[in-house]
Amino acid sequence: MDEYYLLTFESTHAAISTEKLLKPAEVTIMPVPRFISASCGISVRIHPDRKDRAEEIFRENSTLSADDYAYYHIIRGGTVDETVCDRLEAIK
């Protein structure tokens with residue numbers, strides 16, 4: 001099982017900027033999973049142990065509005081049918 005949080009974006013610029021912003025939280029860039037639809041194919045993956053730090057940095061420094069990104073909690077099982085993907089509220 002694999003658990004993580006994911007930010008998806010409406011633009012590549014927003015994805016790259018957010019990845020740079022959240023570097024102190026040790027986030028990674030990854031393609032948007034196929035089971036999530038987004039305009040931009042790049043997402044920012046956040047490890048569960050670093051979620052609070054990433055949210056704090058994002059909340060204090062990001063200029064993105066809630067319309068510019070989507071936030072997910074993902075628990076991946078062995079198959080797509082075993083994957084749980086919950087869309088979360090925007091980071092406030």
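Predicted model: local features only at pLDDT ≥ 70, side-chain atom pairs only at ≥ 80, totals over all residues.
Which side chain meets that of E55 in a salt bridge?

1. The partner of E55 is K51: their side chains meet in a salt bridge, with 3.1 Å from N to O. Both residues belong to helix α2, which covers residues 51-61. They are 4 residues apart, or about one turn of the helix.

2. Are E55 and K51 buried or exposed? E55 has a relative accessible area of 13% and is buried. K51, with a relative accessible area of 19%, is buried; the cut-off for this term is under 20%.

3. The pair also belongs to a network of salt bridges, in which K51, E55 and R59 are linked.

4. A salt bridge is also formed by the side chains of R45 and D2, at 2.9 Å from N to O. This pair links distant parts of the chain, since R45 lies in strand β3 (residues 42-46) and D2 in strand β1 (residues 2-9). The two residues are 43 residues apart. R45 is partly exposed, its relative accessible area being 23%. D2 counts as partly exposed at 30% relative accessibility.

5. K23 and E19 form a further salt bridge, in which the closest N and O atoms are 2.7 Å apart. In this pair, E19 counts as buried at 12% relative accessibility, whereas K23 counts as partly exposed at 46%.

6. As to the total, the count of salt bridges comes to 7. Among them are the pairs E55 and K51, R45 and D2, and K23 and E19.

Key. Residues numbered from 1 in each chain as written. Heavy atoms only, no water. Salt bridge = Lys/Arg side-chain N within 4 Å of Asp/Glu carboxyl O. Buried < 20%, exposed > 50% of the residue type's maximum accessible area, 1.4 Å probe, protein only.
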